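Student: Hi! Could you walk me through this one while I have it open on my screen?

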Amino acid sequence: MAQVHPTAVVHPGARLHETVEVGPYSVIGERVTIGAGSRVGPHVVIDGRTTIGERNRIFSFASVGGAPQDLKYAGEDTQLIIGDGNTIRESATLNIGTVGGGGATRVGSNNLFMAYSHVAHDCVVGNGCIVANSVALAGHVTLEDFVILGGLSAVHQFTRLGKHAFIAGGSMVTMDVPPYCTAQGDRAELAGLNVVGLQRHGFNEEQIGRIKEAYKILFRSKLQLSEALARLKTEMGGQSEIDYLVDFVSQSKRGLTR
């Protein structure tokens, strides 16, 4: 049996691993599944068709799996899927998806959602991301792996942030942020590369050098974007970090932060 505080309310239909801990006054709904080693603090609400993996920690007053803040939502059977090892701090909110967005909000593993952060319907969050205090992700936002968002920043709906992107505190992101880049301001503009982040994640000097050169070609040359991408493919094609950058830029629908 899971370790459930006597004041908590857990629906009989909820599926909790025997090692799960649930704190005082928390409420867990009928269609919730929580994996091994996860800890739910006091005054937490987990609802909806929500699947939470192993070793997650959810702090007080968080709301996980609530209905989307979308006027088109009419009670359809959608879901929230959360991986392993995530930390969801006080008063953070993560909503289930909508039919129009594919039916699911998806969160990977080893992410940190600080106090009052918000993950809206149909977002896709990768692994190892840090979403700081009071950050707001609108619907359909994609954060790829190891993205960091500074406090009080916000991301417009349908926007993508590439791997290892770094968003400065207070920024308003309205267009796609390419991988490896830093962005800041209202509306956010590129401010260089996240070199420190790349070093911390094991990129060597040669790889970082290629990324710096690619950045110059994409954003500091006078080439049209299609010309810059063609040049990158010709001069640096076959290098995994450059191929990924080219693919990300090529697939942008909202346009790129410059």
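Tutor: Happy to, and let's begin with an open sheet of nine strands, which pair in the parallel sense in the order β2-β5-β8-β11-β14-β17-β20-β23-β26. Keep in mind that this is a predicted model.

Student: Which are the edge strands there?

Tutor: They are β2 (9-10) and β26, each of which pairs on one side only.

Student: Can we zoom in on a pair? How many bridges join β8 to β11?

Tutor: Two bridges link β8 (residues 45-46) with β11 (residues 63-66), and the strands run parallel. The bridge partner of I46 in β11 is V64.

Student: And what about β12 and β15, how many bridges join those?

Tutor: Four, between β12 (residues 79-82) and β15 (residues 104-107), again running parallel. Q79 has A104 in β15 as its bridge partner. β15 also pairs with β18 (residues 124-125), in the parallel sense and over two bridges. In that pairing, V125 of β18 stands opposite V107.

Student: What do β27 and β28 form together, and what is the phi of G185?

Tutor: They form a hairpin with four residues between the strands, and G185 in the turn has a positive phi of about 105 degrees.

Student: Where is S171 found?

Tutor: S171 is in the loop between β25 (166-167) and β26 (172-173).

Student: Is S171 buried or exposed?

Tutor: Buried, because its relative accessibility is 0%.

Student: Which residues is S171 in contact with, leaving aside its neighbours in sequence?

Tutor: Beyond four places in sequence, S171 contacts L152, S153, A154, A183, Q184, G185 and A188.

Student: At what angle do α2 and α3 pack?

Tutor: α2 (residues 205-219) and α3 (residues 225-236) pack at about 155 degrees, with their axes 9 Å apart. At that angle, α2 is therefore roughly antiparallel to α3. α2 passes α3 in a right-handed crossing. The contact uses R210, E213, A214, I217 and L218 of α2, and L225, A228, L229, R231, L232, E235 and M236 of α3.

Student: How do the axes of α2 and α4 cross?

Tutor: They cross at roughly 30 degrees and come within 10 Å, with α4 covering residues 240-250. That angle is why α2 counts as roughly parallel to α4. This crossing is right-handed. On α2 the contact is made by Q207, R210, I211, A214 and L218, and on α4 by E241, I242, L245 and V249.

Student: Then what about α3 and α4, at what angle do they cross?

Tutor: Roughly 160 degrees, with the axes coming within 10 Å. So α3 is roughly antiparallel to α4. α3 passes α4 in a left-handed crossing. L225, L229, L232, K233 and M236 in α3 meet I242, D243, V246, V249 and S250 in α4.

Student: Last one: which residues of α4 are buried, and what do they pack against?

Tutor: The buried residues are E241, I242, Y244, L245, V246, F248 and V249. They pack against α2, α3 and the strand β24 (160-161).

How values were computed: Residues numbered from 1 in each chain as written. Predicted model: local features only at pLDDT ≥ 70, side-chain atom pairs only at ≥ 80, totals over all residues. Heavy atoms only, no water. Buried < 20%, exposed > 50% of the residue type's maximum accessible area, 1.4 Å probe, protein only. Contact = heavy atoms within 4.5 Å. Pairing = 2+ DSSP bridges. Axes fitted to C-alpha atoms, helices over the stretch in contact; angles between N-to-C directions. Parallel < 35°, antiparallel > 145°, perpendicular 65-115°, else oblique. Left-handed = near helix turned anticlockwise from the far one by under 90°.
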